[in-house]
Amino acid sequence: MKEHELRKNATCAICGEKTLATGFPLFCTVTIKQYKIDDGAIRRQAGMEMMMGGSVQLAQAMGADETMAKQVDSKKIIVCFNCVTGKQINIAEQLAKGKI
Ligand SMILES: [Zn+2]
């Protein structure tokens with residue numbers, strides 16, 4: 001990471017502190033990908049499974065191999081060493097608050 005990238009990524013998305021303020025020269029980037037389940041595809045696959053006598057393997061081989069979940073969003077966040085190692089993070093809450 002070059003100097004300008006380091007400056008751009010200097011703030012922790014969880015606690016809002018500077019990543020190097022922890023006194024430990026490590027931080028993480030975390031990519032959060034949100035997926036939405038495709039109800040129709042799930043129902044079709046479950047139906048195929050029932051037709052195949054409950055065999056998941058047969059249903060997979062005979063089915064349309066549809067995408068069951070589609071990515072709807074992706075975010076890369078910076079997390080300081082303290083937050084990575086010391087806190088339980090509620091990602092959904094952070095997303096809802098617009099913190100990340
Ligand atoms: Zn932090």
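Modeller: A nonpolar core is a set of buried Ala, Val, Leu, Ile, Met, Phe, Trp, Tyr and Cys residues joined through C-beta atoms within 7 Å. A residue counts as buried if 20 or more other C-beta atoms lie within 10 Å of its own, as exposed if 12 or fewer do, and as partly exposed in between, with C-beta atoms placed from the backbone. The model is predicted: local features need pLDDT of at least 70, side-chain atom pairs count only at pLDDT 80 or more, and totals for chains, interfaces and linings use all residues. Residues are numbered from 1 along each chain as its sequence is written.

The largest nonpolar core has 7 residues, namely Cys12, Ala13, Ile14, Phe27, Val79, Cys80 and Cys83. Of these, Cys83 is found in helix H4 (residues 81-86), where helices are DSSP runs of H or I with at least four residues, strands are runs of E with at least two, and both are numbered from the N terminus. Cys83 is buried because 22 other C-beta atoms lie within 10 Å. Not counting residues up to four places away in sequence, Cys83 touches Cys12, Ile14, Cys15 and Ile89, a contact requiring C-beta atoms, placed from the backbone, within 7 Å. Between Cys83 and Glu17, 66 residues apart in sequence, the C-alpha to C-alpha distance is 10.0 Å. Cys80, leaving aside neighbours within four places in sequence, is in contact with Cys12, Cys15, Glu17, Thr19, Thr22 and Phe27. In the protein chain as a whole, buried residues make up 8% of the 100 residues.

Conventions:
Contact = placed C-beta atoms within 7 Å.
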